Amino acid sequence: MARLIAPSLLSSDFLHLSDDVKMVNESSADWFHLDVMDGRFVPNISFGIPVIQAIHREAEKPLDVHLMIVEPEHYFEAFKNAGADIITFHYEASTHIHRAVQMLKSLDVKAGVVLNPHTPVSVLEDIIGDLDLVLLMSVNPGFGGQKFIERTYRKIEKLREMIERENVSPLVEVDGGVNIENAHKLFDIGADVLVAGNAVFKAQDPKATIELLKK
Ligand code: DX5
Ligand code: ZN
C-alpha cells in the first residue's frame with residue numbers, strides 16, 4: 001500500500017500562497033490537496049478555478065481537487081482545464097455517480113468519490129470497481145482544524161474489506177483532523193493517502209512535519 005501525504009492548502013497563508021506551494025514542492029509530500037467550497041454543499045466558501053490555475057503554474061506535484069460543491073458534474077471540465085489531476089466529488093452531492101465517474105474518465109482525470117462521516121462505505125459497493133480513489137471524510141467537511149472522528153478507523157477497515165472482496169484497487173484517502181499522533185495508525189489500518197491541513201501549515205517546521213506524517 002502507498003503512504004502518500006497531501007497537504008491541504010486551505011490552511012496555508014493565502015497572501016503568500018506561492019511560498020507555501022514552493023514549500024510543498026521541496027518537501028516529501030506527494031500531492032497538493034485543494035479544497036473547493038461553494039457555501040451551499042458546505043457552510044463555507046474557499047477558492048475556485050482561477051486560484052487553482054495559479055497554483056498549477058508553480059506546483060510540481062499532482063493536484064488533488066476535492067469538490068465540496070453542489071452539482072459538481074457541471075464543473076469537472078473547468079477544473080480539469082485548471083490543472084486538476086485527480087477530482088473527487090461527494091456522494092451526497094450527486095444523484096448520478098456512475099455517469100459522473102464516466103465523465104471524469106472521459107476527461108482523462110483520476111476519479112474519486114468522497115463520503116461524509118455519516119455515509120456508510122456500503123453505498124459504494126456497485127461503483128467501487130470504477131473508482132481510482134475513495135476519500136473518507138474524518139471530519140464534517142467545510143473547515144480545517146477540526147477534531148478527527150474516531151469511527152473513521154472502522155470505516156477504513158470496512159472499505160478495505162470491500163476492496164478485497166471485489167478484487168479492485170482504488171486508493172483510500174482520509175481527510176480531516178489528521179496529525180502526527182494518528183497518521184501511523186491510519187496508514188497501518190489501510191489508508192494510502194492522508195490529507196493534512198492544520199497539522200502541516202500551523203506547524204513550526206512544515207517540511208519536518210510532512211516527514212513525520214510519512215514515517
Ligand atoms: C475540510 C477539508 C480538509 C481540510 C483538512 O472540509 O476537506 O481538506 O483542509 O484540514 P485539517 O487537516 O486541518 O483537518
Ligand atoms: Zn479536503
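1. A polar contact here is a pair of N or O atoms within 3.5 Å; within protein, one atom must be able to donate a hydrogen and the other to accept it, and residues adjacent in sequence count only if both atoms are side-chain atoms. By that rule a backbone N or O atom of Asn198 lies 2.9 Å from an oxygen atom of ligand 1. Ligand 1 taken alone exposes 380 Å², and the protein buries 99% of that. Accessible areas come from the Shrake-Rupley method with a 1.4 Å probe, and for residues only the protein chains shown count as cover.

2. On sources: this is a predicted model, in which local features need pLDDT of at least 70 and side-chain atom pairs count only at pLDDT 80 or more, while totals for chains, interfaces and linings use all residues. Residues are numbered from 1 along each chain as its sequence is written, chains are lettered from A and ligands numbered from 1 in the order in which they are written, and side-chain values use heavy atoms, with hydrogens and water left out.

3. Where does ligand 1 sit? Ligand 1 is placed in the largest pocket. A pocket is an open set of points on a 1 Å grid over the protein atoms alone, where a 1.4 Å probe fits, with protein on both sides within 12 Å along at least five of seven lines. A molecule sits in a pocket if more than half of its atoms lie within 2 Å of its grid points.

4. The elements giving two or more residues to the shell around ligand 1 are β2 (32-37), β3 (63-68) and β8 (193-196). The most comes from β2, with three residues. Strands are DSSP runs (E, at least two residues) and helices likewise (H or I, at least four residues), numbered from the N terminus. There are 20 residues around ligand 1, of which Asp35, Gly142, Gly145, Asp175 and Gly197 come nearest. A residue is near a molecule if one of its heavy atoms lies within 4 Å of it.

5. Asn182 belongs to the loop between β7 (171-175) and α6 (183-189). Its relative accessible area is 7%, so Asn182 is buried. The cut-offs are under 20% relative accessible area for buried and over 50% for exposed, with partly exposed in between (1.4 Å probe, protein chains only). The Asn182 side chain reaches the backbone oxygen of Gly177 at 3.0 Å. Leaving aside neighbours within four places in sequence, Asn182 is in contact with Phe148, Tyr153 and Gly177. Contact means heavy atoms within 4.5 Å.

6. His184 is in helix α6. This residue is partly exposed, at 35% relative accessibility. Not counting residues up to four places away in sequence, His184 touches Arg3, Leu212, Leu213 and Lys215.

7. Which residues of helix α1 (residues 17-26) are buried? They are Leu17, Asp20, Val21, Met23, Val24 and Asn25. Their cover includes β1 (4-7), β2, α2 (49-58), α7 (198-201) and α8 (206-214). For Leu17 the relative accessible area is 18%. Leu17 touches Leu9, Ser12, Val51 and Ile55, not counting residues up to four places away in sequence. Leu17 and Ile55 are 38 residues apart in sequence and 8.1 Å apart in space, C-alpha to C-alpha.

8. The loop between α4 and β5 contains Leu107. Leu107 counts as buried at 18% relative accessibility. Its contacts, not counting residues up to four places away in sequence, are Phe76, Glu77 and Lys80. By contrast, Leu107 and Leu10 are 26 Å apart in space, C-alpha to C-alpha, and 97 residues apart in sequence.

9. Asp108, in the loop between α4 (97-106) and β5 (110-115), has a phi near 65 degrees, a positive value in a residue other than glycine. Asp108 is exposed, with a relative accessible area of 66%. Glu71 is not a glycine either, yet has a positive phi of about 45 degrees. Glu71 lies in the loop between β3 and α3 (76-82) and counts as partly exposed, at 45% relative accessibility.

Note on methods. On a 1 Å grid over the protein atoms alone, a cavity is a set of points where a 1.4 Å probe fits but cannot get out, and a pocket is an open set with protein on both sides within 12 Å along at least five of seven lines; lining residues have an atom within 4 Å of a point.
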